[in-house]
Amino acid sequence: MQLSLELFAEAPETSIDFYRRVLGFASRGSSSTEYTMLKNGDAMIAINSRSVLSTDHPLRIDTGQSAGLGVEIVLKVADVEGAYRTAKKSGWPVSDLAVQPWGLRDFRLVDPDGYYVRVTSLP
């Protein structure tokens with residue numbers, strides 16, 4: 001089984017830039033404001049425009065509402081220090097890199113649409 005995420009963004013260009021610049025993802029295939037597949041290692045995230053959702057779609061939210069409520073996106077990386085340096089260098093607000101009670105190091109941030117992201121070391 002493999003997992004990929006599809007995130008519905010208010011401003012896809014902003015989200016695509018965030019995942020590329022802050023978290024090191026690269027576009028896979030063709031890229032558009034309606035749908036762009038991003039890849040980093042085995043992680044795949046598709047960025048979609050919220051505007052493509054019908055008005056009665058269960059994922060539809062109103063402008064200004066935070067997406068991803070109740071979901072934490074966890075990205076496991078071999079070099080959490082390097083990922084942290086890249087994220088900090090981007091200027092995007094990130095938490096401190098910290099050792100958690102369960103023994104892994106991580107940092108956290110929120111993407112432009114309010115999706116909560118934790119970048120963590122491998123066990």
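**Arginine 118 and its surroundings**

Modeller: Setting aside neighbours within four places in sequence, arginine 118 is in contact with Glu72, Ile73, Val74, Leu75, Trp102, Asp106, Phe107 and Arg108. The model is a predicted one. Arginine 118 has its place in strand E8. Its relative accessibility is 16%, and it counts as buried because that value is under the 20% limit.

The sheet comes next. E8 belongs to an open sheet of four strands, in the order E5-E8-E7-E6 and with mixed pairing. The edge strands are E5 and strand E6 (98-99), each of which pairs on one side only. Strands of a sheet pair through backbone hydrogen bonds, and the pairing can be parallel or antiparallel. E5 and E8 run parallel and are joined by six bridges. As for positions facing each other, lysine 76 stands opposite threonine 120 in E8.

A helix covers part of this sheet. H2 lies across E5, E7 and E8, and runs at about 30 degrees to E7. Within H2 (residues 80-90), the buried residues are Val80, Gly82, Tyr84, Ala87 and Ser90. The buried residues of H2 pack against strand E5 (72-77), strand E7 (105-110) and strand E8 (116-121), and also against helix H1 (12-21). Just after H2, glycine 91 takes a positive phi of about 90 degrees.

The largest pocket has a volume of about 650 Å³. It is lined by 27 residues, of which Asn40, Asp42, Ala43, Met44 and Leu75 are the closest to its centre. Leu75 is also one of the contacts of arginine 118. The elements giving two or more residues to this lining are E3, strand E4 (43-49), E5 and H2. E5 gives the most, with six residues. By class, the lining of the largest pocket has 15 nonpolar, seven polar and five charged residues.

Asparagine 40, among the residues closest to the centre of the largest pocket, is found in strand E3 (residues 35-40). With a relative accessible area of 33%, asparagine 40 is partly exposed, because that value falls between the 20% and 50% limits. Not counting residues up to four places away in sequence, asparagine 40 touches Leu23, Gly24 and Phe25. The C-alpha atoms of asparagine 40 and glutamate 81 are separated by 16 Å, while the two residues are 41 residues apart along the chain.

Of the 14 residues that line the second largest pocket, Glu6, Leu59, Ala67, Gly68 and Tyr115 are the closest to its centre. Strand E1 (residues 5-9) gives the most to that lining, with four residues. The residues of this lining divide into ten nonpolar, two polar and two charged.

E8 is joined by six bridges to E5, and E5 gives the most residues to the lining of the largest pocket.

Technical notes. Residues numbered from 1 in each chain as written. Predicted model: local features only at pLDDT ≥ 70, side-chain atom pairs only at ≥ 80, totals over all residues. Heavy atoms only, no water. Buried < 20%, exposed > 50% of the residue type's maximum accessible area, 1.4 Å probe, protein only. Contact = heavy atoms within 4.5 Å. 1 Å grid on protein atoms, 1.4 Å probe; cavity = no way out; pocket = protein on both sides within 12 Å on 5 of 7 lines; lining within 4 Å. Points joined across faces, edges and corners; volume = space filled by probe spheres on them. Nonpolar A, V, L, I, M, F, W, Y, C, P; charged D, E, K, R; others polar. Pairing = 2+ DSSP bridges. Axes fitted to C-alpha atoms, helices over the stretch in contact; angles between N-to-C directions.
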